[in-house]
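Hi,

Here is the model I promised to pass on.

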Amino acid sequence: MQPFLDRSLSLEEQVSVETHLETCPWCSNRFRFEQELRGYVRVACSEEMPPSLKAKLAALRTPLL
Amino acid sequence: MSETDTEGRRIANEARDRVRFEEEALGLSDQVFRVARGLVNSREEAEDLVQQTYERAFRSWRSFTPGTNLRAWLLRILTNLNIDRARRVKRRPETQPMEEGDYFLYNKLEESAGRPLEEERVVERLSQDDVVGALSAVPHDFRDVLVLVDIGDFSYQDAAQILDIPIGTVMSRLHRARRVLKHELADRAVEAT
């Protein structure tokens, strides 16, 4: 399941997983759950960069002569 | 052309390349911050880490090969700085090996609900703080890989290059990191019910 979610399977393997998911509620529930969990972890950990930091970084640039 | 002209041109070219490099690097700062925030436990630490990363990047800009992946190059600096930092602070003790499989969290939630989780949404069971807290409990070697792949969207290959470890190690650490994360999330989700 994890390699499938990471899209690291061969095309053939991927198709066989997809076909299986269509007919197996046990796996498809878990697949949906895993997929949603990943999306949620990503969203929950995304925090906007504070503007003050952006300004500090911009100030690190080499001054133009 | 006189020697002074050639020298003048060289300096002008270098200044132009440098400005271009700095602008490109600054354009990636949101993404760099997002990864940094996943790697450390507080926003303040993430800010320090990003600032140090840019200071070092701007100092050593000549070692970047134009045309290669600048985002990966910046994150390599960042993860190295983070490893140095983590060595200075006390290391979290190794967690016990995980006997349970990939569906630990799903199974735990299903068990506490008493039925299969058909349309139930993860977000209804876990707050943002739960996720951030769970991530910070993942030991840092594992967490680095998880953050790069799942939050930074890097391939296994890129993550291997950034962290300077073999691709097989990326995969095994990722596997382990996801399991630890799910155990941590399960503790929080079950507590909440």
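Helices here are DSSP runs (H or I, at least four residues), numbered from the N terminus. This is a predicted model, in which local features need pLDDT of at least 70 and side-chain atom pairs count only at pLDDT 80 or more, while totals for chains, interfaces and linings use all residues. Residues are numbered from 1 along each chain as its sequence is written, and chains are lettered from A and ligands numbered from 1 in the order in which they are written.

H5(B) itself spans residues 104-113, and its buried residues are Leu105(B), Tyr106(B) and Leu109(B) (buried: 20 or more other C-beta atoms within 10 Å of the residue's own, with C-beta atoms placed from the backbone). Down the helix axis these fall within an arc of 100 degrees, so they line one face of H5(B) (the arc is that of the directions from the axis to the C-beta atoms).

On to the two chains: 26 residues of chain A are in contact with 34 residues of chain B (contact: C-beta atoms, placed from the backbone, within 7 Å). On the chain A side, H3(A) gives the most, with 10 residues.

In H4(A), Leu53(A), Lys56(A) and Leu57(A) meet Glu47(B), Val50(B), Gln51(B) and Tyr54(B) of H3(B). The axes of these two helices come within 10 Å and cross at roughly 15 degrees (axes are lines fitted to C-alpha atoms over the stretch in contact, and angles run from 0 to 180 degrees between N-to-C directions).

Happy browsing!

How values were computed: Buried ≥ 20, exposed ≤ 12 C-beta atoms within 10 Å, placed from the backbone.
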